[in-house]
Amino acid sequence: MSTSATEICNLLYRYAEAIDEGRLEDAAALFRHARIETGAAGPLDADGVLALWHRILVIHPCGTPRTRHLVTNPILDIDEAAGTARVSSCFTVLQATDDFPLQIIASGRYHDRFAHIDGQWWFVERDYRRLDFTGDLSRHLRVPVKATSRT
């Protein structure tokens, strides 16, 4: 795998790790150059998505959402000369709490664009509107969400 491919995949994984550890500010910082498509909330920047997460995510007493985001099947289309990339990947979110046994609560696809800025790769666009399946999200989100994916 190329250095660019590794760096881009690491961004996908760093996002998941930061969210799962409750480090929402660190996750949002990955999107400092990005526009995030959210559906009803419209396109957001990093500050907007951080505010959205603070409003809708349930953070448990341990300081985390008690989730595990698995990002899999990344398909990378990298244009090294242009310093741009498009990536589609799958996500599966598992959750467990003291009163909620381990289970899958959501699954869908990320469609991301990246750009090489100041010597490193950055998210420049993420589309959160491709939620294929939902389970019991009551201990993860403060708002109701339905599967909304389009092909």
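In which sense do β3 and β4 pair, and over how many bridges? The legends below take up this pairing and several other close-up views of a predicted model.

**Figure 1. The pairing of β3 with β4.** The two strands, β3 (84-97) and β4 (100-117), run in the antiparallel sense and are joined over 13 bridges. They form a hairpin, with two residues between the strands. One of the bridges links T84 to its partner A115 in β4. In a regular strand, side chains alternate between the two faces of the sheet.

**Figure 2. The other partners of β4.** Strand β5, residues 120-127, pairs with β4 in the antiparallel sense over seven bridges. Here R113 has E125 of β5 as its bridge partner. A hairpin is formed by β4 and β5 as well, with two residues between them. Within that turn, D118 has a positive phi of about 50°. Strand β6, residues 131-134, also pairs with β4 in the antiparallel sense, over three bridges.

**Figure 3. Strand β5 and its parallel neighbour β1.** The pairing of β1 (35-37) with β5 is in the parallel sense and has three bridges. Among the residues concerned, I36 has R126 of β5 as its bridge partner. Strand β5 is mostly covered, since seven of its eight residues are buried.

Figure 4. Helix α3 spans residues 46-56. Its buried residues are A46, V49, L50, L52, W53 and I56. Seen down the helix axis, these buried residues of α3 fall within an arc of 160°, so they line one face of the helix. An α-helix has 3.6 residues a turn, so residues three or four places apart point the same way. On the other side of α3, D47 and R55 are exposed. The cover over the buried residues of α3 includes helix α1, helix α2 (24-29) and strand β1.

Figure 5. Residue E7 is found in helix α1, which covers residues 3-20. With a relative accessibility of 30%, E7 counts as partly exposed; this class lies between buried, under 20%, and exposed, over 50%. The C-alpha atom of E7 is separated by 6.8 Å from that of W121, although the two residues are 114 residues apart along the chain.

**Figure 6. The largest pocket and its lining.** The largest pocket holds about 790 Å³ of space. There are 28 residues in its lining, and those closest to the centre of the pocket are I56, Y128, L131, L141 and V145. By class, the lining of the largest pocket comprises 19 nonpolar, five polar and four charged residues. Elements that each supply at least two residues of this lining are α1, α3, β3 and β4. The greatest contribution comes from α3, which gives four residues.

Conventions. Residues are numbered from 1 along each chain as its sequence is written. This is a predicted model: local features need pLDDT of at least 70, side-chain atom pairs count only at pLDDT 80 or more; totals for chains, interfaces and linings use all residues. Side-chain values use heavy atoms; hydrogens and water are left out. On a 1 Å grid over the protein atoms alone, a cavity is a set of points where a 1.4 Å probe fits but cannot get out, and a pocket is an open set with protein on both sides within 12 Å along at least five of seven lines; lining residues have an atom within 4 Å of a point. Grid points are joined across faces, edges and corners, and a volume is the space filled by probe spheres set on the points. Ala, Val, Leu, Ile, Met, Phe, Trp, Tyr, Cys and Pro count as nonpolar, Asp, Glu, Lys and Arg as charged, and the others, Gly among them, as polar. Two strands pair if DSSP finds at least two bridges between them. Buried means under 20% relative accessible area, exposed over 50%, partly exposed in between (1.4 Å probe, protein chains only). The arc is that of the directions from the helix axis to the C-beta atoms. Contact means heavy atoms within 4.5 Å.
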